[in-house]
Amino acid sequence: MASNDPHPNPNGDTIADAPTPTPPIADKSSAHASAITTATATATMHGDSIVKHICVIAFHHTLGPILEWAHPPLPRPPPSTANSSANTKANNSTSSSTPSIELPSQWSAILPFCALPDGAHSHAPSSTDQSTPDPSGGGGAANAFSLPPVPEWAFAQETVFASSYYRQIPASDLLVKPADVTRHMVQKAVVVLSTEPAFGALRPRLEQITQRWFATRDLTQRDLLVEFFDALKVEFAQPVKEEEFSNGMHLRDLVMSFKSKVLVLYKLVLLQKRICFFSTSIEHLINTQLSLLYLFPDLLFHMHHTGHPSLSPPSSTDRAVHPCIQLANPPTPFSDPRGNPLLRRDLLHVAGLPLALFSKGTLVQPYLPLQQLDSLAVSPSPAPTATDTDAPPQLPPVMIGTTNQIVRDFAPARFDAIISCDPPAPGAEPRIEFLNAATERAANSLTPPDKKWIQALSARVAAMVDQGDTGDVINTMVRGEFEQYLVALMAVIQAGANVPGVLPGTTPEDPADLAASTRDLDVAAPRSEQSADNLIQSPPTSPGTTTDAEKAAAAERAAAEKAAADRRKQIRTYHMHLLSEFSSPFIAAYLATPAHAHWLLRVHATFASDLFSTPYSPAASGAGAPLGHPCQGHTLAQHLNDQLKDKIAELNLDEKKKMVQQGLAAAVQSASGYAAKLKEEASKRAAANDGSGVSVCSAFRSRL
């Protein structure tokens, strides 16, 4: 298709002025054109699809990664961003064989370099790459990343999510070899752009279609990709089960690789810290991060303002999930005040979930290329002063992944923690490097209940793997356990906030607070109406005298006030203990986050009292689940006992005992040998003495 447009598309289409038009397909048969029309009508009938474009990224021998093809054609780059990238050089090149499409400045340093990441040329097939037959014989791997908004493009008003699969093939195997192919290997990536993070659902489909395309050995023909895109657009305009979006997120691997450190990672995200994930494998890097995010209910579907630190998300997460996402709604272990089982959607609603963990200035980039490094240094706050080096810098949260040590060691990013996603050596602990002491205290100090809970979960996962349970079954179990942990944590925080003096910043000395807490917790001092009646009916007394009834009433009031004060102290101690089971430094750090402030606006005021019960709950409130840590059956005595065991374990007494035993055994053995030697020498002397004694006696007798 001829065109005078200055921005030609290698497929013969042109970059359109209007957002995402459907291009004409001149080389299709009438039957296929009819099928396309039917598919488009179906997509329209079922609503807007989250799948927007399919692209091909190629590695050019002089320009590096470039956008080679897009369907439907991308809108024109905004004039303010034109001619601002390496792709501009391609568009301005005099070589007619340079198949490149110009990108806006927001994407030019991200899309090509994420689709063909560092080391793509040396990627070798792994076990995870062989889920389907590989007819092309080349290695391949998937990637996931986000793209910032392009305000001038209708479909890119918010973060755009990209799912890609890249492969390579020997140039000698190609049936059609373009003139610009000068290297012995040809590398290309197929990318799907969507308005929701559908990496889990798209990954297996992308892998299969990329393998099929490479198997044709003619990469200039893209009809197969067009058909694939049309099918995707229809499929993702209709309800798709939530489980589809978590496909490939193996929580089993996350738990078995990180063990108890999974809970440390979980708390780091809750604290909205700046986290860098590092790995030599793209697969491990992406799966670790997305699996971790999947542990937070509905969080993946509220990440539309995470593509760049300059974005400002709304203060809550009340935004409705896209209609094509069919959220799971199974029963939960919790019940409402009437005793009716709560479904998952109802539970999350009353609990104020999902949390707004990605607030203003957030950047979430599962794979961050070197070309995007500057975005990490975007910070509205100054660095901590020399006199306050122990305090964590108040910076927006960041969660990025990289395979490049330059990104990992980028000082202006001011990461709070760096996590290695590569599997640890046998017997070694997963590596989490903390870069400030305050973050380490808050996130890395797992309490005995924390340790007991995560160890039990790890053991349960291992048992399910041994039994041959599928990944979906394990995913459902692990996710459910972490959701119960989060609900219990939020309930303990809300319940503690109702008791003065429990949470940081509150004090029990304020009489108004004391009266309120007494009233709310049903701990009012007992009253004696009979004593009051007696006081009313008693005859007046002369000034300055006190009757026995008045003395008794005063003593009763004093005793009641003391009982109420003691009860309030017991309640305060009880709630402080519940908070301490989740780690007091962690609770204090979480309460200072924007996520907590947002949560207070969304959670139901009676969430904790409706779903949970305490020994101090009013009898009329009903019987709910016990308030506290999800570690079942954990008491204060057990808590202290576990702490003592941990302290003893830290002393390495067993190892020292073994060393002492070995020393004693060696000493006994040495002493036994020495004693045997002495005994042997004594026997020899005795024998010698006996012989000499006989000869002397004989000589003496002969003389006589």
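**Close-up 1. Pairing of strands β4 and β5 in the predicted model.** In this predicted model, strand β4, which covers residues 160-170, and strand β5, which covers residues 185-194, pair in the antiparallel sense over 10 bridges.

**Close-up 2. The open sheet of five strands.** The strands β4 and β5 belong to an open sheet of five strands with the order β2-β1-β5-β4-β3, in which the pairing is antiparallel. The edges are formed by β2 (64-71) and by β3 (140-147), each of which pairs on one side only. From one strand to the next, the twist averages 25°.

**Close-up 3. Helices α5 and α6 across the sheet.** Helix α5, made up of residues 199-215, lies across β1 (51-60), β3, β4 and β5, and runs at about 25° to β4. Helix α6, made up of residues 223-235, lies across β1, β2 and β5, and runs at about 150° to β1.

**Close-up 4. Helix α8 against helix α15.** The axes of helix α8 (residues 251-258) and helix α15 (residues 471-497) come within 8 Å and cross at roughly 60°, and this angle makes α8 oblique to α15. On the α8 side the contact is made by L251, R252 and V255, while α15 contributes I474, N475, V478 and R479. Sorted by class, the contact of α8 with α15 contains four nonpolar residues, one polar residue and two charged residues.

**Close-up 5. Helix α8 against helix α10.** Helix α8 also packs with helix α10 (residues 282-294), here at an angle of about 100° and with the two axes 9 Å apart. The helices are therefore described as roughly perpendicular. The residues L251, L254 and F258 in α8 meet T288, S291, L292 and Y294 in α10. The contact of α8 with α10 divides into five nonpolar residues and two polar residues, with no charged residues. Residue L251 can be followed between the two views of α8, as it is listed in the contact with α15 and again in the contact with α10.

Close-up 6. Residue D298, which is not a glycine, has a positive phi near 65°, and its place is in the loop between α10 and β8 (325-326). Because its relative accessibility is 3%, D298 counts as buried. Residue R414 has a positive phi of about 50° although it, too, is not a glycine, and R414 lies in the loop between α12 (405-408) and β13 (417-420). With a relative accessible area of 26%, R414 is partly exposed, a class that lies between the limits of 20% for buried and 50% for exposed residues.

Definitions and conventions: Residues numbered from 1 in each chain as written. Predicted model: local features only at pLDDT ≥ 70, side-chain atom pairs only at ≥ 80, totals over all residues. Heavy atoms only, no water. Axes fitted to C-alpha atoms, helices over the stretch in contact; angles between N-to-C directions. Helix = DSSP H or I, 4+ residues; strand = E, 2+ residues; numbered from the N terminus. Parallel < 35°, antiparallel > 145°, perpendicular 65-115°, else oblique. Contact = heavy atoms within 4.5 Å. Nonpolar A, V, L, I, M, F, W, Y, C, P; charged D, E, K, R; others polar. Pairing = 2+ DSSP bridges. Buried < 20%, exposed > 50% of the residue type's maximum accessible area, 1.4 Å probe, protein only.
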